[in-house]
Amino acid sequence: MKKTVLQSSLVICIFGAFLLLSSCCSNKSASKTTVSPEVSEILPWLEAPSLKETYKDIFENIGVAVNYNELRSSDVLEGLEYHFSSVTMENEFKPQFMFNWQAPNTKGTFTSSKGVTITVPTNIPDFSRMDTILKVCKTFGLKLRGHVLVWHSQTEKSFFRENYKPTGAYVDKETMDARQEWYIKSILEHVKEWEEKNNDNQRIIYAWDVVNEAVSDGANANNYLRQNDSDWYKIYQNEDFIVNAFRYANKYAPSDVQLAYNDYNCAMGNKTAGILKVIDAIKATEDDDFLPGRIDVIGMQSHVDTMNPSTTSIDIAIRKFLEKGVDIHITELDVAGSPIGNEKMLRFRYKELFKTYAKYTKKDGGNGISGITLWGLNDERSWIAQKNGVTQCPLLFTHGNKGYMTKSAFYGAIEAAKEQ
Ligand code: GLA
């Protein structure tokens with residue numbers, strides 16, 4: 001019974017769509033002015049204005065998250081070169097991927113800056129994909145935001161446990177501190193050597209999210225850190241793992257690599273306050289003689305929806321971070337609450353967001369927003385393509401049988417630059 005109803009609704013829908021289409025086509029041939037201006041702007045992405053050109057005087061980087069397969073597709077690479085200067089690997093530089101899901105062996109040793117000797121694996125990190133990614137980015141003139149060194153999620157459980165056994169007891173703080181230094185050193189030195197050898201010692205990875213999402217949504221005066229689902233917190237019970245990560249990143253990264261703390265819900269008052277505490281704790285180590293820390297950037301993830309957070313609260317958070325003397329990267333921008341048919345709303349939202357960000361362009365050597373990264377190329381592959389059973393259209397491009405096409409929302413972002 002249900003099936004029959006569904007089938008007939010489908011037939012009605014198809015018929016309706018056919019009528020709509022033929023009326024559009026006949027209107028089009030009768031008079032071009034009857035075509036909605038939004039529809040007429042839907043273009044193959046190489047025929048539309050270039051996003052990065054449009055923003056070249058406002059942001060140092062316009063970026064997008066991609067996955068390994070996208071980065072190896074010639075269609076995608078053409079569009080990346082045309083619209084973007086920077087890419088973020090959606091997954092491939094996360095600890096779990098660098099471990100390549102292999103059980104770590106215990107064949108090597110490492111002595112930390114503090115003189116603690118630990119056993120370390122010799123079979124990981126696995127740099128094979130990272131090297132291919134670096135090579136592709138070099139060939140296509142793309143830079144990379146490194147994402148991510150220290151995170152409670154997508155990190156092997158075994159990394160935190162005795163003998164690297166996923167079921168072992170947690171190691172003590174001293175051991176974990178040395179493991180953290182070993183991991184950060186391994187990644188950053190590998191990239192540095194690759195760039196020295198293959199890119200005249202010029203940066204391809206220009207920034208790293210050193211720590212991701214360590215502040216709690218429920219941050220308060222007594223405790224501002226994520227606790228229950230964080231193995232890092234369970235071992236440390238305080239923010240030392242965050243601060244130390246920035247000391248090690250500063251020690252092993254070239255000085256022109258920007259070091260970022262990245263998080264979501266940055267415009268929520270108590271979360272903003274928690275992130276400000278992170279900045280203070282890292283900055284307090286800047287003049288340390290032994291292992292100085294450094295923080296250059298707050299990464300504001302920006303998984304927003306069409307209504308929230310308001311641009312007023314985003315504005316307040318941006319100003320608070322900038323007052324601390326750091327820059328901002330908008331790192332993971334997409335707009336949920338954007339079901340099909342909500343194009344006008346989405347265009348308006350992208351426009352007001354880009355206008356808000358553009359107000360904080362870097363000027364006269366001061367701090368500002370230096371880059372924006374969209375969290376995905378096209379709606380169909382977005383991590384929120386389906387939310388609560390509803391198909392979402394959270395991004396600026398769509399991909400179908402005509403290839404990559406601009407959406408109305410894309411022009412919201414373009415208009416924002418022109419209205420500066
Ligand atoms: C967080 C992480 C990203 C990604 C998204 C979901 O924001 O920082 O790497 O995993 O969640 O796609």
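On a 1 Å grid over the protein atoms alone, a pocket is an open set of points with protein on both sides within 12 Å along at least five of seven lines, whereas a cavity is a set of points where a 1.4 Å probe fits but cannot get out. Grid points are joined across faces, edges and corners, and a volume is the space filled by probe spheres set on the points. By these criteria, the second largest pocket of this predicted model has a volume of about 330 Å³.

The model is predicted, so local features need pLDDT of at least 70 and side-chain atom pairs count only at pLDDT 80 or more, while totals for chains, interfaces and linings use all residues. Residues are numbered from 1 along each chain as its sequence is written, and side-chain values use heavy atoms, with hydrogens and water left out.

**Second largest pocket**

- The lining comprises 20 residues (those with an atom within 4 Å of a point); Asn 265, Ser 302, His 303, Val 304 and Pro 309 lie nearest the centre of the pocket.
- Two or more lining residues come from each of β9 (303–305) and β10 (327–336), strands being DSSP runs of E with at least two residues, numbered from the N terminus.
- β9 gives the most to this lining, with three residues.
- The lining divides into twelve nonpolar, five polar and three charged residues; Ala, Val, Leu, Ile, Met, Phe, Trp, Tyr, Cys and Pro count as nonpolar, Asp, Glu, Lys and Arg as charged, and the others, Gly among them, as polar.

**Cavities**

- Four cavities of 30 Å³ or more are present in the structure.
- The largest cavity holds about 60 Å³ of space, and of its 13 lining residues, Asn 61, Tyr 206, His 329, Ser 370 and Gly 371 are the closest to its centre.
- At least two residues of this lining are supplied by each of β1 (61–66), β10 and β11 (369–374), with β11 providing the largest share, four residues.
- By class, the lining of the largest cavity has three nonpolar, eight polar and two charged residues.

**Helix packing**

- Helices are DSSP runs of H or I with at least four residues; axes are lines fitted to C-alpha atoms over the stretch in contact, and angles run from 0 to 180 degrees between N-to-C directions.
- The axes of α12 (residues 343–358) and α13 (residues 408–418) come within 7 Å and cross at roughly 25 degrees; α12 and α13 are therefore roughly parallel (angles under 35 degrees).
- In the contact of α12 with α13 (heavy atoms within 4.5 Å), the residues of α12 include Tyr 350 and Phe 354, and those of α13 include Tyr 411 and Ala 413.
- This contact of α12 with α13 has seven nonpolar, two polar and five charged residues.
- Met 130, Asp 131, Leu 134, Lys 135 and Lys 138 of α6 meet Ile 187, His 190, Val 191, Trp 194 and Asn 198 of α7.
- α10 (residues 269–283) and α11 (residues 311–323) pack at about 15 degrees, with their axes 10 Å apart, and α10 is therefore roughly parallel to α11.
- Thr 272, Ile 275, Leu 276 and Ile 279 of α10 make the contact with Ala 317, Lys 320 and Phe 321 of α11.

Technical notes:
Angles under 35 degrees count as roughly parallel, over 145 as roughly antiparallel, 65 to 115 as roughly perpendicular and the rest as oblique.
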